[in-house]
Amino acid sequence: MNHKFVERISAELDEIRTAGLYKSERIITSAQGPEIEVNGKKVLNFCANNYLGLSSHPKVMEAARKYVDDRG
């Protein structure tokens, strides 16, 4: 890997952190829905297009499976 590139990116990340603009990724340990589990805590999920919890609704899952089975 290019050492100068790594140094430049590291410096940029440090600037972003110093400015308070760095956001660490959080690992979701539950199914997607309006409420999810992160770091052992239940939290509201406003980061997905699943505010109503429809992506894991049984009818939506069934329709998705049927479509994939029928059409690949």
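This note goes through a predicted model point by point.

1. Ground rules. The model is predicted: local features need pLDDT of at least 70, side-chain atom pairs count only at pLDDT 80 or more, and totals for chains, interfaces and linings use all residues. Residues are numbered from 1 along each chain as its sequence is written, and side-chain values use heavy atoms, with hydrogens and water left out.

2. Largest pocket. It holds about 240 Å³ of space. A pocket here is an open set of points on a 1 Å grid over the protein atoms alone, where a 1.4 Å probe fits, with protein on both sides within 12 Å along at least five of seven lines. The volume is the space filled by probe spheres set on the points, which are joined across faces, edges and corners. Strands S1 (35-38) and S2 (41-44) are the elements that give two or more residues to the lining. Strands are DSSP runs of E, at least two residues; helices are runs of H or I, at least four; both are numbered from the N terminus.

3. Pocket lining. Lining residues have an atom within 4 Å of a point. Among them are Lys23, Glu25, Arg26, Ile36, Val38, Leu44 and Phe46. The lining divides into seven nonpolar, two polar and three charged residues. Asp, Glu, Lys and Arg count as charged; Ala, Val, Leu, Ile, Met, Phe, Trp, Tyr, Cys and Pro as nonpolar; the others, Gly among them, as polar.

4. Arg17 and Tyr22. The charged end of Arg17 sits over the ring of Tyr22, 4.3 Å from its centre. The test asks for NZ of Lys or CZ of Arg within 6 Å of the ring centre and within 35 degrees of the ring normal.

5. Asn39. This residue is in the loop between S1 and S2. Its phi is positive, about 50 degrees, although Asn39 is not a glycine. Asn39 counts as exposed, at 65% relative accessibility (buried is under 20%, exposed over 50%, partly exposed in between; 1.4 Å probe, protein chains only).

6. Helix H1 (residues 3-18). Ile9 is found in H1 and is partly exposed at 30% relative accessibility. Its C-alpha lies 44 Å from that of Ala63, 54 residues apart along the chain. Val6, also in helix H1, is partly exposed at 32%. Val6 and Gly33 are 27 residues apart in sequence and 37 Å apart, C-alpha to C-alpha.

7. Helix H2 (residues 58-71). The number of buried residues among its 14 is zero, so H2 lies largely in the open. Gly72 follows H2, with a positive phi near 75 degrees.
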